[in-house]
Amino acid sequence: MSGQNESIYVTRPSLPPLEEYVDEIRDMWETGILTHQGPKHNRLQAELGQYLDAPNITLFGNGHLAMELGLTALDLTGEVITTPFTFGSTTQAILRNRLKPVFCDIREDDFTIDADRIEELITDRTSAILPVHVYGNICDVEKIREIADRHHLKVLYDGAHAFGEKYKGESVGRFGDATMFSFHATKVFNTVEGGCLVYKEGNMREHLEGLRQFGQIVHTEKTPYVGTNAKMTDMHAAMGLCNLRHMEEYISRRQRVAEIYRSRLQGKAGIRLSVVQPNTESNYAYFPVVVEESRTGVSRDDVIAELEKHRVYVRKYFYPLCSDFEIIREMGIRSDVPTAKYVADRVITLPCYSDLDPADAERICDVIDSLYVRRNG
Ligand code: T4K
C-alpha cells in the first residue's frame, strides 16, 4: 500500500519496465529512423490491427486528431448528432470540421447516448452520428446501426475509453463506419500520446494518410488533400509495442480495483454506480460514481473535499457538459439533455489504474464510508 501521505490521482500511466523500453528503442540509435512511418510505427500498426481485429487501421499522433481527421475523411456536411457527456475533444472534432453538433441526451444506467432519442433529432441536414463509449461503456451499437442504416447516416464512434473491449465477442471497433481509440498516457493502452482510427472501408486509407501528412499521398509527389501533421513517431510507437505485451496484466489489475469499489459501494444510499453491461468484455477504464445528495445530504463536493483531506484527488469527468461550453452557447445551440445534466452535476471518477494498490482502493472506500457514517449515523 502506498504511504498514507502519498497523493493518489485519478489515474497514472501504465508503464512497461524501463529496460524493456530501452531495449525497444536501442536500434533507433543505429538506424536514425525516428518518425515518418518507420519500422516501429509499422510494426505497432500491424500488431494493433491484430489485437483490435481491425483490417483497416491508421495511427495518429493523438486520439483527437484521429477523430477530427476521421470525420473529415467521411466527407460530412451539416449536422452531427452526438452526446454532451464526454471530454471536450468529441465536440471540438465536430466544430473543427465546421459541422454543427446536435446534442442528444444520455441513458441513466450507463451514461452512453440514448439511442431512443436519436431519431427525433434527425433533420435533412444530419449527416452522421458520433456516439461515445464513455468510461468504456459500450453504446447501443445495434440500435445505432439500425437508425444509421434507415436514414443513410455515417457513424463514427469515439472509442477513446474502449480500447480492447468486445461486445458479444466482437471487437468494439467493428461497429460503425469508423472508431477512434486514444493512446494517451492516461488511457488503458498508451503510447504517451497517440491514437488510431479503425474503419470499415479500406479505400479511406489513402485519404486518412494524406490528412495525417500535409495532404500528400505518401511516397509520391502528389498533394490532393488539405492535410496537417498528425503522425505518430517511432519513439511513441516503441512505447506502444512494449505496453501491448502487458495488456492482459494491466486490465486484470484494473479489474481488481474496479471489483473492490463495486463490492464496497454498490447499493450504498446516496451513491449510484454505472451498470455492469451484459455481453461486454470490459477494460475497466474508469470508475464513475454518481453522488445523489438529495438522499443523504452528502454532496459531490463533500466527497471530493473528504478525499482531498486524505490526499486522494478525484475528477469530475465529465463536467461541464459540452452543450454548456461558451462556444456552443454563443453559436445559439440549445439542447434538451436533462439526464446528462443530472449526471454531470453529480459524477466523480475514482482513481482507477493498473498500478493502484488494492489496499488503497479499500482505503478510498473507507474514507467515503466514514463520511456517510459521520453524516447519517
Ligand atoms: N474523447 C474522449 C472521450 C476522451 O476522453 C479523450 C481524452 C479524447 C477524445 C481525446 O483523446 P487524446 O487526444 O487525449 O488522445 C485527460 C487526458 O489528457 C485526455 O486524454 C482524456 N481524454 C481526459 C479524459 O483526461 P485531463 O486534462 O484531465 O488530464 P490531466 O493532465 O489533468 O491528467 C489527469 C491525471 O492523470 C492527473 O491527475 C495525473 C495523471 N497523469 C496525467 C498525465 C498527462 C499522470 O500521472 N501522468 C501524465 O503524464 O485530460
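Close-up 1. Lys166 has Glu281 of S12 as its bridge partner, in a predicted model where local features need pLDDT of at least 70, side-chain atom pairs count only at pLDDT 80 or more, and totals for chains, interfaces and linings use all residues. Residues are numbered from 1 along each chain as its sequence is written, and side-chain values use heavy atoms, with hydrogens and water left out. S7 and S12 pair in the antiparallel sense over two bridges, where pairing of two strands requires that DSSP find at least two bridges between them, and where strands (E, at least two residues) and helices (H or I, at least four) are DSSP runs numbered from the N terminus. The open sheet that holds these strands has the order S8-S7-S12, with antiparallel pairing. Because strand S8 (170–171) and strand S12 (280–281) each have a single partner strand, they stand at the edges, and one side of each is left without a neighbour in the sheet.

**Close-up 2. The open sheet of seven strands.** Mixed pairing is found in this open sheet, whose seven strands follow the order S2-S10-S9-S6-S5-S3-S4. Strand S2 (57–60) and strand S4 (100–103) are its edge strands, each pairing on one side only, and the twist averages 25 degrees from one strand to the next; axes are lines fitted to C-alpha atoms, for helices over the stretch in contact, and angles run from 0 to 180 degrees between N-to-C directions.

**Close-up 3. Strands S5 and S6 with two packed helices.** Strand S5 (residues 126–130) and strand S6 (residues 154–158) run parallel and are joined by two bridges, and Ile129 has Val155 in S6 as its bridge partner. Helix H5 (residues 88–96) packs on the sheet and touches strand S3 (79–82), S4, S5 and S6, its direction making about 140 degrees with that of S4; contact here means heavy atoms within 4.5 Å. Helix H6 (residues 141–151) also packs on the sheet, where it touches S5 and S6, and its direction makes about 150 degrees with that of S6.

Close-up 4. The structure holds 17 aromatic pairs, counted where ring centres of Phe, Tyr and Trp (its six-membered ring) lie within 6.5 Å, with planes under 30 degrees apart called stacked, over 60 edge-to-face and the rest tilted. One of them is the edge-to-face pair of Phe163 and Phe183, at 5.9 Å centre to centre and 90 degrees between the planes. Phe163 lies in the loop between S6 and strand S7 (166–167), and Phe183 in the loop between strand S9 (178–182) and strand S10 (195–199), so the pair ties together parts that are 20 residues apart in sequence.

Close-up 5. Tyr317 and Phe318 are joined by a cis peptide bond with omega of about 15 degrees, and Phe318 lies in the loop between strand S14 (312–313) and helix H12 (326–330). Another cis peptide bond, with omega of about -5 degrees, joins Tyr319 and Pro320, and Pro320 lies in the loop between S14 and H12. Asp75, although not a glycine, has a positive phi of about 60 degrees, and is found in the loop between helix H4 (63–73) and S3.
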